[in-house]
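Open the model in your viewer and keep the selection tool ready.

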Amino acid sequence: MFKTMQVHPFDQEVEVLLVGLKDKPEKFEGDLSVLDEAFGGELTGLVKSGDVSAKMKSFAKIHTFGKHKAKRIVLAGLGKEKDLTFESLKELFGSAFKRLKTDNHSHIAVALDSFTGSGIEAADAAHALAEAVVLSTYQFEGYKKKPNMPETEIEAIDVFTESDANEIDAALTVGQAHGKGTNSARTLVNTPGNLLTATDMANYAMELAGKYGFETDILDKEEMEKLGMGALLAVNQGSAEPPKMIVLKYQGKEEWKDVIGLVGKGITFDTGGYSIKPKDGIVGMKSDMGGAAAVLGAMEIIGELKPEQNVVAVIPSTDNMISGSAFKPDDVITSMSGKTIEVLNTDAEGRLALADAMTYAKHHGADYLVDVATLTGGVIVALGLDKTGALTNDESFFEQVLEASNEAGEFIWRLPYTENDKKRVRGSKIADLNNSPGREGHAIMGGAFIGEFAEGTPWVHLDIAGTATTTSAYDLGPEGGTGVMARTLALLVERFEATK
């Protein structure tokens, strides 16, 4: 899709050229003066009249009528140069390419150097461009009959720059990989539960493994029974679909050490079990495997970029259904760790599945753990729909996760995790733990339960119940699955430094 060329952008014959406009120019200077001269100074007049603006995300399409080699020029406002950030640049590119796609442009050129400044180097701009193009133009194909007039796809993007072409190509590759991995996660989240069972998810993981050379370990029900995975098996009891414990291993170092364990909740549909969800709350529960999608998306990025790090991805997958054999409130189950659990709420099933997955990740040598899950409605009550909630038992490891999330533009907010929280989870009178101590601090309780299975291993919990989907389109994507945390997890792996 992308082609880097070390040429002057205003000397090329192109269908449409995207150019960044910073601040509010009194007159066009430098490279942009070439444009103004070609138009006999009329561009300056358009700026003064307000028809062309440097305001952030302001766009003006100018037809050149043969006065310039580019047939059309789109001037994109960047705002004040001092306010330009990597994230705001991504959003600008996303907005621009949504418009260009809607206008049926399939071949686009970008004057990359016009989007630099204020700490944004050409390589940063290239990364932002590639990631934004892939994310913003994503659409879930769905299952409707094909339209008679399908949308034009963006087929080629020429990137004009005076910077080192190899460096720009590398940045474009990274940005494109991040975008594609996130889009894969979005597609998984958007897929209906009848078309994405635990078996389907295991098959998808196997395809990834075949493509990137990951080692795999897919456990079926009988193997889980032998290993004593009573928590995941309890969630699966009411289902006609067999469960899967999915493991992908990527070894980027000579020795299997300093291993990051990525654990994703893979509940392909959640009825709530006998603690059944209301009719409004049950719609959309195909997305309850958003954590698994994030992990698989991250593994795709890792497979593409091949960082020098060791990673084990573990996904416990099943649906949570109701039948005569389904588990019930008041049941006591035994997890793989040997800890017994009193079930007070069958709709708190994700933490049960994750309990065995955390133990199994450590079984595969995980020295650090991050679990990602659409875990609780409580995190939405606490933080809204645009923030991921986090818990941790290790400050230095959490700081690395936080830095990765900041770089990815995926906001997380840390919730408190105290000894009192642990006592509430351990408050059962008949078992080691209970899976739902009450509504108060619900998001914290869900994370605290999972923390019991991290034990002394450095661990971060990410609750994406609010951020895994969105009900409205935005600069970097449509409504539906967001693929949230795929990029954060990949960046954590790419940047990771052992803390113990």
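The tour visits a helix pair and then a cavity.

This is a predicted model, where local features need pLDDT of at least 70, side-chain atom pairs count only at pLDDT 80 or more, and totals for chains, interfaces and linings use all residues. Residues are numbered from 1 along each chain as its sequence is written, and side-chain values use heavy atoms, without hydrogens and water.

**Stop one: two helices.** Select residues 395-408, helix H13, and residues 486-495, helix H16. Helices are DSSP runs of H or I, at least four residues, numbered from the N terminus. The axes of H13 and H16 come within 8 Å and cross at roughly 120 degrees. Axes are lines fitted to C-alpha atoms over the stretch in contact, with angles from 0 to 180 degrees between N-to-C directions.

**Stop two: their contact.** Show side chains. On H13, pick Phe397, Gln400, Val401, Ala404, Ser405, Glu407 and Ala408; on H16, pick Arg487, Thr488, Leu491, Leu492 and Arg495. These make the contact (heavy atoms within 4.5 Å).

**Stop three: the cavity.** How many cavities of 30 Å³ or more does the structure hold? There is one. A cavity is a set of points on a 1 Å grid over the protein atoms alone where a 1.4 Å probe fits but cannot get out; lining residues have an atom within 4 Å of a point. The largest cavity holds about 40 Å³ of space; that volume is the space filled by probe spheres set on the points, which are joined across faces, edges and corners.

Now select its lining: Phe86, Lys90, His127, Glu131, His178, Glu407, Ala408, Arg487 and Leu491. Helix H3 (86-102), helix H4 (122-136), H13 and H16 each supply at least two residues of this lining.

How values were computed. On a 1 Å grid over the protein atoms alone, a cavity is a set of points where a 1.4 Å probe fits but cannot get out, and a pocket is an open set with protein on both sides within 12 Å along at least five of seven lines; lining residues have an atom within 4 Å of a point.
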